[in-house]
Amino acid sequence: MMRRFPDRAILLETIFPALGQTRAMANTSRVLWIGCRPYTTLYYDLIEQKGAECWSIDIDPEMQPFGRPGHHITGDMLKLEQLFPANYFDAVLCNGVLGYGVDRPADQLRGFEALAAVTKPDGWLLIGWNTDRISDPLKLALANRRFEHAPLPGVTARYVVEGCTHVYDTYRRL
Ligand SMILES: C[S@@+](CC[C@H](N)C(=O)[O-])C[C@H]1O[C@@H](n2cnc3c(N)ncnc32)[C@H](O)[C@@H]1O
(Lines give C-alpha, C1' and ligand atoms only; values in the text may rest on other atoms or scores of the structure.)
Protein backbone atom coordinates (compact mmCIF):
# COMPACT_ATOMS: atom_id res chain seq x y z
CA MET A 1 0.00 0.00 0.00
CA MET A 2 2.85 2.38 0.94
CA ARG A 3 4.58 1.77 -2.43
CA ARG A 4 1.35 2.19 -4.38
CA PHE A 5 0.44 5.34 -2.48
CA PRO A 6 3.55 7.46 -1.91
CA ASP A 7 1.45 10.17 -0.23
CA ARG A 8 0.59 7.68 2.55
CA ALA A 9 4.25 6.83 3.02
CA ILE A 10 5.13 10.53 3.35
CA LEU A 11 2.28 11.08 5.80
CA LEU A 12 3.33 8.22 8.04
CA GLU A 13 7.11 8.36 7.68
CA THR A 14 7.73 12.11 7.37
CA ILE A 15 4.76 14.24 8.43
CA PHE A 16 3.66 12.34 11.55
CA PRO A 17 7.24 12.07 12.94
CA ALA A 18 7.78 15.81 12.29
CA LEU A 19 4.52 16.65 14.08
CA GLY A 20 5.77 14.41 16.89
CA GLN A 21 8.70 16.78 17.37
CA THR A 22 6.30 19.66 18.09
CA ARG A 23 3.77 20.21 20.86
CA ALA A 24 1.07 19.02 18.44
CA MET A 25 1.21 15.43 19.63
CA ALA A 26 2.46 15.97 23.18
CA ASN A 27 0.76 14.24 26.09
CA THR A 28 -1.57 17.10 26.96
CA SER A 29 -2.47 17.85 23.35
CA ARG A 30 -5.68 17.33 21.44
CA VAL A 31 -5.57 16.44 17.75
CA LEU A 32 -8.47 16.38 15.28
CA TRP A 33 -8.35 14.00 12.30
CA ILE A 34 -10.78 14.96 9.52
CA GLY A 35 -12.13 12.37 7.07
CA CYS A 36 -12.26 8.72 8.10
CA ARG A 37 -11.84 5.56 6.08
CA PRO A 38 -10.97 1.96 7.04
CA TYR A 39 -7.26 2.64 6.53
CA THR A 40 -7.25 5.75 8.75
CA THR A 41 -8.08 3.60 11.79
CA LEU A 42 -4.33 2.84 11.93
CA TYR A 43 -3.52 6.50 12.35
CA TYR A 44 -5.20 7.22 15.68
CA ASP A 45 -2.77 5.14 17.76
CA LEU A 46 0.15 6.80 15.98
CA ILE A 47 -1.27 10.23 16.77
CA GLU A 48 -1.76 9.21 20.41
CA GLN A 49 1.68 7.57 20.75
CA LYS A 50 3.00 10.32 23.03
CA GLY A 51 -0.23 10.69 24.97
CA ALA A 52 -2.18 13.14 22.81
CA GLU A 53 -5.97 12.76 22.64
CA CYS A 54 -7.17 12.11 19.10
CA TRP A 55 -10.63 13.07 17.88
CA SER A 56 -12.09 12.35 14.46
CA ILE A 57 -14.91 13.73 12.34
CA ASP A 58 -16.57 12.72 9.09
CA ILE A 59 -19.73 14.05 7.48
CA ASP A 60 -20.73 10.55 6.34
CA PRO A 61 -22.49 8.54 9.08
CA GLU A 62 -21.24 5.33 7.44
CA MET A 63 -17.67 6.32 8.33
CA GLN A 64 -18.47 6.29 12.07
CA PRO A 65 -16.97 2.75 12.57
CA PHE A 66 -13.70 4.07 11.15
CA GLY A 67 -13.45 7.05 13.48
CA ARG A 68 -11.53 7.25 16.75
CA PRO A 69 -13.58 5.04 19.10
CA GLY A 70 -15.26 7.17 21.76
CA HIS A 71 -13.97 10.40 20.24
CA HIS A 72 -15.71 10.47 16.86
CA ILE A 73 -18.29 12.96 15.65
CA THR A 74 -20.43 12.65 12.55
CA GLY A 75 -20.54 16.22 11.29
CA ASP A 76 -19.51 18.82 8.76
CA MET A 77 -16.02 20.32 9.00
CA LEU A 78 -17.51 23.58 7.70
CA LYS A 79 -19.37 23.82 11.02
CA LEU A 80 -16.52 22.82 13.35
CA GLU A 81 -17.08 25.81 15.63
CA GLN A 82 -20.57 24.48 16.41
CA LEU A 83 -19.15 21.08 17.34
CA PHE A 84 -16.08 21.91 19.46
CA PRO A 85 -15.12 24.76 21.81
CA ALA A 86 -12.98 27.60 20.43
CA ASN A 87 -9.21 26.95 20.38
CA TYR A 88 -9.74 23.30 21.36
CA PHE A 89 -7.09 21.53 19.28
CA ASP A 90 -3.29 21.72 19.27
CA ALA A 91 -3.32 20.26 15.75
CA VAL A 92 -5.90 19.63 13.06
CA LEU A 93 -5.06 17.15 10.31
CA CYS A 94 -7.21 17.53 7.20
CA ASN A 95 -6.01 15.19 4.47
CA GLY A 96 -7.93 14.50 1.28
CA VAL A 97 -11.08 16.38 2.26
CA LEU A 98 -10.60 19.55 0.19
CA GLY A 99 -11.45 18.26 -3.28
CA TYR A 100 -13.27 15.21 -1.87
CA GLY A 101 -16.39 16.89 -0.53
CA VAL A 102 -15.23 20.39 0.27
CA ASP A 103 -14.87 21.37 -3.35
CA ARG A 104 -15.94 24.95 -4.06
CA PRO A 105 -13.49 27.76 -3.21
CA ALA A 106 -16.22 29.44 -1.13
CA ASP A 107 -16.60 26.25 0.94
CA GLN A 108 -12.83 25.93 1.26
CA LEU A 109 -12.66 29.51 2.57
CA ARG A 110 -15.42 28.66 5.08
CA GLY A 111 -13.44 25.52 5.92
CA PHE A 112 -10.33 27.49 6.82
CA GLU A 113 -12.42 29.82 9.01
CA ALA A 114 -13.92 26.81 10.79
CA LEU A 115 -10.48 25.22 11.17
CA ALA A 116 -9.09 28.44 12.62
CA ALA A 117 -11.91 28.67 15.15
CA VAL A 118 -11.06 25.32 16.78
CA THR A 119 -7.25 25.46 16.44
CA LYS A 120 -5.27 27.02 19.30
CA PRO A 121 -3.09 30.05 18.53
CA ASP A 122 0.30 28.65 17.44
CA GLY A 123 -1.39 25.29 16.83
CA TRP A 124 -0.68 23.30 13.68
CA LEU A 125 -2.86 22.67 10.64
CA LEU A 126 -2.07 20.05 8.01
CA ILE A 127 -3.85 20.28 4.66
CA GLY A 128 -3.28 17.40 2.26
CA TRP A 129 -4.70 18.08 -1.20
CA ASN A 130 -4.38 17.00 -4.84
CA THR A 131 -3.34 19.22 -7.73
CA ASP A 132 -5.79 17.44 -10.06
CA ARG A 133 -8.78 18.04 -7.74
CA ILE A 134 -8.58 21.62 -6.50
CA SER A 135 -6.82 24.92 -7.15
CA ASP A 136 -3.78 25.72 -5.04
CA PRO A 137 -5.10 26.89 -1.63
CA LEU A 138 -2.03 29.13 -1.25
CA LYS A 139 -2.70 30.93 -4.54
CA LEU A 140 -6.33 31.44 -3.51
CA ALA A 141 -5.01 32.85 -0.20
CA LEU A 142 -7.67 30.84 1.61
CA ALA A 143 -5.72 30.55 4.84
CA ASN A 144 -4.02 33.92 5.00
CA ARG A 145 -6.31 35.70 7.41
CA ARG A 146 -5.95 33.15 10.18
CA PHE A 147 -2.86 31.01 9.49
CA GLU A 148 0.70 31.37 8.31
CA HIS A 149 2.29 28.78 6.02
CA ALA A 150 4.95 27.32 8.32
CA PRO A 151 7.45 24.44 8.19
CA LEU A 152 7.47 21.49 10.57
CA PRO A 153 10.89 20.54 11.99
CA GLY A 154 12.90 19.21 9.04
CA VAL A 155 10.02 19.48 6.55
CA THR A 156 9.29 22.40 4.21
CA ALA A 157 5.91 24.13 4.66
CA ARG A 158 4.95 22.71 1.28
CA TYR A 159 5.85 19.07 0.56
CA VAL A 160 5.09 18.02 -3.02
CA VAL A 161 4.94 14.22 -3.11
CA GLU A 162 6.81 12.71 -6.05
CA GLY A 163 4.97 10.19 -8.21
CA CYS A 164 1.44 11.46 -7.53
CA THR A 165 -0.61 14.65 -7.38
CA HIS A 166 -0.56 14.96 -3.59
CA VAL A 167 0.70 18.05 -1.76
CA TYR A 168 1.02 18.58 1.99
CA ASP A 169 0.91 22.13 3.35
CA THR A 170 1.47 22.94 6.99
CA TYR A 171 0.28 26.09 8.70
CA ARG A 172 0.38 27.65 12.14
CA ARG A 173 -2.58 29.46 13.56
CA LEU A 174 -1.93 33.18 14.02
C1 LIG B 1 -11.04 10.87 0.20
S2 LIG B 1 -11.60 10.62 1.84
C3 LIG B 1 -10.15 11.06 2.75
C4 LIG B 1 -10.10 10.35 4.05
C5 LIG B 1 -8.83 10.57 4.88
N6 LIG B 1 -8.82 11.85 5.54
C7 LIG B 1 -7.54 10.29 4.19
O8 LIG B 1 -6.49 10.77 4.63
O9 LIG B 1 -7.53 9.55 3.19
C10 LIG B 1 -12.60 12.05 2.14
C11 LIG B 1 -13.46 11.94 3.37
O12 LIG B 1 -13.88 13.26 3.75
C13 LIG B 1 -15.22 13.20 4.17
N14 LIG B 1 -15.79 14.55 4.02
C15 LIG B 1 -16.12 15.17 2.87
N16 LIG B 1 -16.64 16.39 3.13
C17 LIG B 1 -16.62 16.54 4.49
C18 LIG B 1 -17.03 17.59 5.36
N19 LIG B 1 -17.58 18.73 4.89
N20 LIG B 1 -16.86 17.41 6.69
C21 LIG B 1 -16.33 16.25 7.17
N22 LIG B 1 -15.95 15.22 6.39
C23 LIG B 1 -16.09 15.37 5.06
C24 LIG B 1 -15.84 12.16 3.29
O25 LIG B 1 -17.03 11.62 3.84
C26 LIG B 1 -14.71 11.13 3.17
O27 LIG B 1 -14.81 10.11 4.16
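**Ligand site and aromatic cluster**

In the ligand site, a polar backbone atom of I34 lies 3.1 Å from a nitrogen atom of the ligand, a polar contact being a pair of N or O atoms within 3.5 Å. The model is predicted, so that local features need pLDDT of at least 70 and side-chain atom pairs count only at pLDDT 80 or more, while totals for chains, interfaces and linings use all residues. Residues are numbered from 1 along each chain as its sequence is written, and side-chain values use heavy atoms, with hydrogens and water left out.

The shell around the ligand holds 21 residues, of which R8, Y39, D58, D76 and N95 come nearest (a residue is near if one of its heavy atoms lies within 4 Å). By class, the shell comprises 10 nonpolar, six polar and five charged residues, with Asp, Glu, Lys and Arg counted as charged and Gly among the polar residues.

Aromatic pairs number 10 in the structure; rings of Phe, Tyr and Trp (its six-membered ring) pair if their centres lie within 6.5 Å, and planes under 30 degrees apart count as stacked, over 60 as edge-to-face and the rest as tilted. The pair F84 and Y88 is stacked, because the ring centres are 6.0 Å apart and the planes stand at 25 degrees. Y88 and F89 are edge-to-face, since their ring centres are 5.1 Å apart and their planes are at 90 degrees. W55, F84, Y88 and F89 form one aromatic cluster.

Both F84 and Y88 are buried (under 20% relative accessible area, 1.4 Å probe, protein chains only). The relative accessible area is 18% for Y88. F89 is also buried, with a value of 0%.

Methods. A polar contact is a pair of N or O atoms within 3.5 Å; within protein, one must be able to donate a hydrogen and the other to accept it, and residues adjacent in sequence count only if both atoms are side-chain atoms. Buried means under 20% relative accessible area, exposed over 50%, partly exposed in between (1.4 Å probe, protein chains only).
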